[in-house]
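I opened the notebook on this model to look at how one chain is built and how it sits against its partner. The entries below follow the order in which I looked things up.

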Amino acid sequence: MEAFSSLMGAFVSICTPSSLLLMAAGVAVGIIFGSIPGLSASMAVALFLPLTFSMSASLGMNTLVAVYIGGISGGLISAILLNMPGTASSIATTFDGYPMAKKGEGMRALGFGIVFSFLGSVFSFIVLTFFAPMLADVALKFTPAENFGICLFALTMVAVLASGNMLKGVLAGMLGLICTFVGMAPIDGTTRFIFGISDLKGGFAQLPTLIGIFAVSEILIFAEKKNEGKIQKIEIKPVKGFGFSLKEFVQQLPNALRSALIGTGIGILPGIGGSTSGMLSYVTAKNMSKHPEEFGKGCPDGIVATETANNATIGGAMIPLLVLGIPGDGVTAMMLGGFLIHGLSAGPLLFVKNADVVYGIFAACMICSAFMLIIEFFGIRGFVQVLRIPQHILMPLILVLCCVGAYATNNRIFDVQSIVLFGVIGYLYHKFGLPTTPFVLCFLIGSMLETYLRRGLMQYKTFGAFFTRPIFVVFFAIACGVVAWSVWKEVKASKAKKSAAVK
Amino acid sequence: MFFKKYGDIVISVFFMALSAVMIYAATLLPKSKVMEIGPDFMPTVVGIATLILSTALLIISLKNLKTRIAEVDANPPADSDYKRMLISLILILVYVFALKPMGFIVTTLVYLPIQMYVLADAEHRTRKDIIVLLVIDVIFTIAVFFLFRYGFKIVLPQGIFTINL
């Protein structure tokens with residue numbers, strides 16, 4: 001009940017006109033970024049970070065949450081109307097959304113997507129609000145040994161993430177780990193690999209690195225593309241309400257509940273994120289359906305499954321972010337940057353020291369979901385117009401904003417230059433078919449891993465003593481299991497491929 | 001084409017070289033006096049792991065090179081406009097290095113229209129389009145500068161062109 005009363009208090013305190021206005025604006029900007037292919041939710045949060053400087057910590061974080069929620073949900077608009085997923089989370093939405101739009105049911109498809117995005121996020125936020133404080137209580141008792149175990153487990157998720165081409169995926173992550181070694185070593189402060197550049201003493205700053213990898217690389221990738229077909233004209237027929245009946249709504253509820261559970265569960269695991277949860281939930285819905293043959297031809301069930309799950313991932317992903325300070329994907333990594341610039345450190349102590357900020361975030365999540373519903377419902381025509389802004393105008397403006405954002409973090413021009421370096425790395429990753437998410441995950445977790453390992457060794461003297469901590473043993477075992485399982489799966493898949501090639 | 005065919009080999013050689021250099025550089029780091037593992041421990045571990053993984057990737061991709069080339073030749077990837085990418089990269093580099101000495105307003109005013117023109121396709125390079133670009137350029141640059149100056153109290157690099165309002 002304590003959680004409930006704190007939540008109510010937070011609702012009251014964030015319901016000021018200025019904060020509501022900022023959240024509404026954040027959701028709207030997020031939706032725009034989400035809906036334009038090539039611009040992602042992470043990019044939107046990156047660009048909003050410097051704008052939150054002058055705000056109070058709570059207000060700033062709430063605005064970022066708004067952008068995050070809008071950004072994940074916005075992908076459905078272009079997925080349905082243009083057959084181009086605005087974000088990776090909405091890939092599976094195109095499977096049924098676009099066929100529906102072609103049949104002239106575009107508005108109905110959008111209606112399903114919007115309503116179930118909303119329900120998915122609300123479900124996950126309820127889970128977040130009631131579980132995160134409990135988990136934080138447990139996490140408070142963690143010693144460096146447990147934290148090391150969790151970081152190790154989070155790193156092994158890179159292997160799962162990279163399935164299909166595991167060697168490349170893991171190597172992609174290794175570069176992220178290597179980048180964390182630059183600068184002063186934890187504990188003793190020995191400088192490593194700085195090549196005489198004194199700006200590198202503090203290591204690569206997180207924010208410029210992420211902005212470079214996510215945003216600057218997109219501009220180079222865009223520049224390289226030969227011009228493709230133009231965006232076609234989009235017809236929207238007006239419908240009443242959201243375009244579906246109460247009966248249809250009730251029929252979708254079991255599907256929605258299952259998808260919300262999948263989404264939240266996937267969200268909690270670090271490194272997997274919205275794109276996987278959307279796909280997984282789509283496939284599950286198809287397998288469980290009584291009429292699987294309709295999937296892919298314009299079946300609302302597919303939209304409901306994907307959109308519920310990808311929005312439910314948000315609440316799930318916020319759990320490790322807030323409780324342990326471990327980001328699960330690109331967007332939560334940027335959110336972690338938001339905590340940093342406000343002088344907060346995400347982790348169990350946040351629940352003790354800055355409970356107002358934490359519950360403010362919970363309340364903001366709920367309010368922003370409602371904004372998302374309203375803004376997407378009434379603003380759909382406006383967003384369709386935005387999709388027509390040519391990218392050759394948009395991309396340079398974004399680059400300038402990236403530079404300004406990187407500069408504003410520390411007032412160092414060096415940070416601006418380093419976003420270009422990481423932009424080039426991101427571009428090369430794209431060219432060589434290396435995934436960027438492992439890089440980001442390893443880059444963020446790598447320094448934590450080393451710090452916890454060395455701090456733990458100071459405390460326990462030997463590594464063997466780590467095994468006296470049961471929670472460490474559990475996570476260590478899971479980590480080993482995950483690695484073994486992914487390797488086995490990879491070997492099996494490559495054998496199957498070979499035998500198929502022989503035939 | 002090149003990236004698709006030989007990309008994996010290039011990556012593995014790059015990572016092998018990088019990890020070898022890192023393992024060597026780690027041996028030069030001072031050892032810790034207070035505990036068993038010092039600042040050299042993690043770089044060495046990660047370096048060895050990277051070396052093993054990249055060697056494995058090299059072996060596998062050399063083994064599969066023939067099938068890989070055949071696969072790529074069967075469905076060639078879309079052509080890439082490297083000239084436009086390189087011009088954009090050079091523009092961005094010039095922009096970030098000129099930002100401090102020249103100041104935000106001047107560099108951005110110059111950078112934006114050139115970059116937009118480079119990225120635009122042939123149909124969007126008429127006189128009318130260029131005027132639109134210039135108008136967007138001026139409004140955007142001034143708006144961002146003042147938004148940060150007065151809205152967020154962050155002074156962007158002023159360079160040669162100072163505004164004191």
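Into which domains is chain B divided? I am working from a predicted model, and in it I find chain B divided into domain 1, residues 2–74, and domain 2, residues 82–151. I then looked up the spacing of the two, and the centres of domain 1 and domain 2 of chain B, taken over C-alpha atoms, are separated by 39 Å.

**Chain B by itself.** I counted six helices and zero strands in chain B, which reads along the sequence as α-α-α-α-α-α. For the overall dimensions, I noted that the C-alpha atoms of chain B fill a box of roughly 60 × 60 × 25 Å along the principal axes, and that the radius of gyration of chain B is 25 Å, where a compact globule of 165 residues would have one near 15 Å. Buried residues make up 25% of the 165 residues in chain B. Among the contacts in chain B with a separation of 6 or more, 69% are between residues 24 or more positions apart.

**Where chain B touches chain A.** I next turned to the interface, where 57 residues of chain B are in contact with 49 residues of chain A. On the chain B side, the elements that give two or more residues are α1 (2–28), α2 (41–63), α4 (82–102), α5 (104–119) and α6 (127–151), with α4(B) giving the largest share, eleven residues.

I followed up C368(A), which, leaving aside its neighbours within four places in sequence, is in contact with M23(A), V27(A), V65(A), A66(A) and I69(A).

**Helix α15 of chain A.** Last, I checked α15(A), residues 391–410, whose 20 residues reach 29 Å from first C-alpha to last, close to the 28 Å expected at 1.5 Å a residue. Is this helix mostly covered or mostly exposed? I find α15(A) mostly covered, since 16 of its 20 residues are buried. Just after α15(A), N411(A) takes a positive phi of about 55°.

Key. Residues are numbered from 1 along each chain as its sequence is written. Chains are lettered from A and ligands numbered from 1 in the order in which they are written. This is a predicted model: local features need pLDDT of at least 70, side-chain atom pairs count only at pLDDT 80 or more; totals for chains, interfaces and linings use all residues. Domain bounds come from an automatic or database domain assignment. Two residues are in contact if their C-beta atoms, placed from the backbone, lie within 7 Å. Helices (H or I, at least four residues) and strands (E, at least two) are DSSP runs, numbered from the N terminus. The expected span of a helix is 1.5 Å times one less than its number of residues. A residue is buried if 20 or more other C-beta atoms lie within 10 Å of its own, exposed if 12 or fewer, and partly exposed in between; C-beta atoms are placed from the backbone. The radius of gyration is taken over C-alpha atoms; the globule rule is 2.2 Å times the number of residues to the power 0.38.
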